[in-house]
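I opened a notebook for this structure and wrote down what I looked up, one entry at a time. The entries follow the order in which I went through the model.

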Amino acid sequence: MAQKPIGFKRERPEDANIYNTIPIETQLFRVRQDVGKLRLGLLQAENIQRPQRYLLLQTYKDAMLDAHLTACIENRINMTMSREHKLLNADGTINEEYTKILNSKWFYDFSRYVLETPYYGYSVIQFGDITDKGFASSTLIPRQYVKPEFHLVTEQYSGFTGNDYRDEPFKYWCLGVGDEKDLGLLKQASIYAIYKKNALGAWAEFVEVFGVPIRLGKTDITDPLTRQNMENFLKNMGVSSYAVMDKNDLIEVVESNRSDAYMVFDQMIQRCNTEISKLILGSTGMMDEKAHVGASIVHEKVSERYQERDEHLLENNVNDQLIPILEYHNIIPTGLTYEISDIEDIDLQDRAKMDIELLKTGKYKIPASYIL
């Protein structure tokens, strides 16, 4: 099968765009989250007759504002995305011609959507027009409109009428990824993100009250002009709290005698971070600095097992679902298999030492292209 000429384009049929099921897309609004809202969202999402994930996805959207949670997820996704992706012939050799389509943006986006499913749960991905690079685009259908239990993309996020993405012609232009009942790891991570945000807010209030001394102005409170002058003076002095009071009035701020009172908040935040690290990466060593080399090695090995699971997830979805679609559209020939390189990331100095030892045996030759 010859590669399509540069600039080739075949438009997707308009009736094959399942995104058109949604007449008017509404915003997934951000609202202040607490554990009660998370529990309510879980109850609605787990409803057997009429499951609804809108409230749960609101919580997920708010939780992803947490920097540590986002960093953990990005770290895990990037471990797979940074690998070498290739299409193999039946004899196991790399098909260089068709492997090039894996370097396109549409495949990068598709891979990312697949690798996000362990956190968000089931997802539906829509493909665009056919080009010489495969597809023009990969688009994630807003998750609040997907009812995986019924295989539907619905007209309204709260409704249960729409189109089955497994039916023709949609099944040739989109696919679903993940377990239909899975709500994603964010259902656990959101708890720690909520508690962490509360701890940060309480700590900020603690700093505001006790971090900067309160300014106290005493004056004749019965004289409006004198009182206003004093208030203006204190207001313009700085950003700390201030009070204008009578000479006989008293304000008393009761503060803990402990010098490490801030540790209550800091330890809470650290505990939330470590729980998130263990949930997403299987350990804390990949996100936090460790003093013991042995412990770091153990943590790295655990994270490698997580990476292998993500690689199998992506490989299975490409081979079982994406490749049949590519074959149907004659984008690739039949018989190709997708694989992610299992070559471990090795430091350049260590790799050079290994290469030198191989050269010493006299059995191997290293081409100049490898060195460059």
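**Entry: His151**

I looked up His151 and found it in the loop between strand S7 (146-147) and strand S8 (152-154). The model is a predicted one. I noted a positive phi of about 60° for His151, although it is not a glycine. Most residues other than glycine have a negative phi. Is His151 buried or exposed? Its relative accessibility is 14%, so I put His151 down as buried, the cut-off being under 20%.

**Entry: Asn330**

I then checked Asn330, which also has a positive phi, near 60°, without being a glycine. Asn330 sits in the loop that runs between helix H9 (293-328) and strand S13 (337-340).

I looked at the bond between Glu168 and Pro169 and found a cis peptide bond, with omega about 0°. Most peptide bonds are trans. Pro169 belongs to the loop between strand S9 (162-164) and strand S10 (174-177).

**Entry: the sheet with S3**

I found three strands in an open sheet, ordered S6-S3-S10, with antiparallel pairing. Strand S6 (138-140) and S10 are the edge strands, and each pairs on one side only. Ignoring direction, I noted that neighbouring strands of this sheet are turned by 25° against each other on average.

I went through the pairings of S3 next. Strand S3 (residues 123-127) is joined to S10 by four bridges, and the two run antiparallel. Ile125 has Leu175 in S10 as its bridge partner. With S6, S3 pairs over three bridges, again in the antiparallel sense. Here I noted Gln126, whose bridge partner in S6 is Thr139.

How many residues of S3 are buried? I recorded five of its five, so S3 went down as mostly covered. Ser123, Ile125 and Phe127 lie on one side of S3, Val124 and Gln126 on the other, and all are buried.

**Entry: S2 and S13**

I turned to strand S2 (residues 85-88), which has both faces covered. His85 and Leu87 are on one side, Lys86 and Leu88 on the other, and all of them are buried. S2 is joined to S13 by four bridges, and the strands run antiparallel. I found Lys86 opposite Glu339 in S13.

**Entry: the sheet with S4**

I looked up another sheet. It is open, has three strands in the order S1-S4-S5, and its pairing is antiparallel. Which strands stand at the edges? They are strand S1 (9-10) and strand S5 (134-135); each has a single partner strand, so one side of each is left without a neighbour in the sheet. Strand S4 (residues 130-131) pairs with S5 over two bridges in the antiparallel sense. Ile130 stands opposite Phe135 in S5.

**Entry: H1 and H2**

I moved on to the helices. The axes of helix H1 (residues 35-45) and helix H2 (residues 54-63) come within 7 Å and cross at roughly 140°. H1 and H2 are therefore oblique to each other, since an angle counts as roughly antiparallel if over 145 degrees. I noted that H1 passes H2 in a left-handed crossing. From H1, the contact takes in Lys37, Leu38, Leu40, Gly41, Leu42, Gln44 and Ala45; from H2, Leu55, Leu56 and Thr59. I sorted the contact of H1 with H2 by class and got six nonpolar, three polar and one charged residues.

**Entry: H3 and H5**

My last entry is on helix H3 (residues 67-81) and helix H5 (residues 105-120), which pack at an angle of about 135° with their axes 10 Å apart. That makes H3 oblique to H5. I put the crossing down as right-handed, with H3 passing H5. On the H3 side I listed Ile73, Glu74, Arg76, Ile77, Thr80 and Met81, which meet Tyr108, Ser111, Arg112, Leu115, Glu116 and Tyr119 in H5. The residues of this contact of H3 with H5 divide into six nonpolar, two polar and four charged.

Conventions. Residues numbered from 1 in each chain as written. Predicted model: local features only at pLDDT ≥ 70, side-chain atom pairs only at ≥ 80, totals over all residues. Heavy atoms only, no water. Axes fitted to C-alpha atoms, helices over the stretch in contact; angles between N-to-C directions. Parallel < 35°, antiparallel > 145°, perpendicular 65-115°, else oblique. Left-handed = near helix turned anticlockwise from the far one by under 90°. Contact = heavy atoms within 4.5 Å. Nonpolar A, V, L, I, M, F, W, Y, C, P; charged D, E, K, R; others polar. Pairing = 2+ DSSP bridges. Buried < 20%, exposed > 50% of the residue type's maximum accessible area, 1.4 Å probe, protein only.
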